[in-house]
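Colleague: Please walk me through the pockets in this protein. I want to know what the words stand for.

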Amino acid sequence: MSRNSHPAASDPSDSAAQLERLIGIMIRLRDPETGCAWDRVQTHETIAPFAIEEAYEVMDSIAREDWESLPDELGDLLLQVVYQARIAEESGRFSFADVARMIGDKMVRRHPHVFAGETLDADLWERNKQAERNARSEHGILAGIAPALPALIRAEKLGKRAARVGFDWDTPEEVLEKINEELGEVRAELPGGDKARLEDEIGDVLFTVACLARKLGLDPEACLRQGNAKFTRRIETMEAVLAESGNTLSDLDLAAQEALWREVKIRLAALAQGH
C-alpha cells in the first residue's frame, strides 16, 4: 500500500441499510402494543447505566486485542445510542438523525484544516470546545467536565483543565511531596476513626495520585486497570498453586498468604521476562 493510499471503505449503502434496520428493530421493540414488555417501559434514566457498562466492555476488547468480539461490543454500544434517541423521538425531543447530524457538524467545525482548507492550528480544537461551552452558558475553566464521569477519569480531566491556566505543580517530584503530605493527613485521622474525615482525606490522596499520573504523561485509569489486572493474575495464580494440593487461600494464615504472594510475584515476573 502506498503512503498516500487508504484502506478500502465498506459499502456506505450497506452501512446505512444496517443502521436503518437497527433503528427499525428498536421502533418495533418499543411499540406500545406489539413490542417487548421490558423495552417498552425503559426510560432515559433506566438505560443510561448500560451505556457506561458497554463502553467499558469495548475498552476491554481493545485492551485484550480481541478483534473478533469488538464488533459485537461496539454494536452493544451503538444500540444504547439508538435506544436513547428512540425514547427521545417518542417524546418529540430529538431523533437519531439529529444525533448524527450534530456530531457530523461538530467534527466538520472542529477540523477546518480538513474540510475548509484552512491552516492547521494546534489550539483550534480546544478553542472550538470552549466556544461551544460558552454557547451552552457553561463558563469557568472546569465547565463541561461531566460530574457523572468515573471519578478517576474526572480527576485527571479536572487537573488537566486547571493546568491550562497554570494552576499546577512544576515537576512530578512536587506532586510526590503533595502525596506524602496528603498521606500524613490520612495518618493523622486514623486514631479518631471518623469515616467522613477519612473519606475526605483519602479522596485528596487519590486526586493527587491522578495528578501525578497526568504529570508523567500517563492515563491514571489505564494505570489502575493495569494494577487491577496484575492483582487478579497474582491472586488467580495463588489459587491455582493451592488447588494442586487441595487447599484454598482461606486455609492459610496471613503470614503464609504473604509468603505465597511473594513466591507468585517472582514466578510471574520471571515468566514476563521470558525465563
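Modeller: Helix 5 gives the most to the lining of the largest pocket, six residues. The model is predicted: local features need pLDDT of at least 70, side-chain atom pairs need 80 or more, and totals for linings use all residues. Numbering starts at 1 along each chain, and side-chain values use heavy atoms without hydrogens or water.

Colleague: What makes a residue part of the lining?

Modeller: On a 1 Å grid over the protein atoms alone, a pocket is an open set of points where a 1.4 Å probe fits, with protein on both sides within 12 Å along at least five of seven lines; lining residues have an atom within 4 Å of a point. For the largest pocket, 25 residues line it. K106, R136, G144, A146 and L149 lie nearest its centre.

Colleague: How large is the volume of the largest pocket?

Modeller: About 1000 Å³. Grid points are joined across faces, edges and corners, and the volume is the space filled by probe spheres set on them.

Colleague: Which residues of that lining are called charged, and how many are there?

Modeller: Asp, Glu, Lys and Arg count as charged; Ala, Val, Leu, Ile, Met, Phe, Trp, Tyr, Cys and Pro as nonpolar; the others, Gly among them, as polar. The largest pocket's lining has 13 charged, 11 nonpolar and one polar.

Colleague: And what lines the second largest pocket?

Modeller: Its lining has 15 nonpolar residues, one polar and no charged. Helix 10 gives the most, with eight residues. Helices are DSSP runs (H or I, at least four residues), numbered from the N terminus.

How values were computed
Helices (H or I, at least four residues) and strands (E, at least two) are DSSP runs, numbered from the N terminus.
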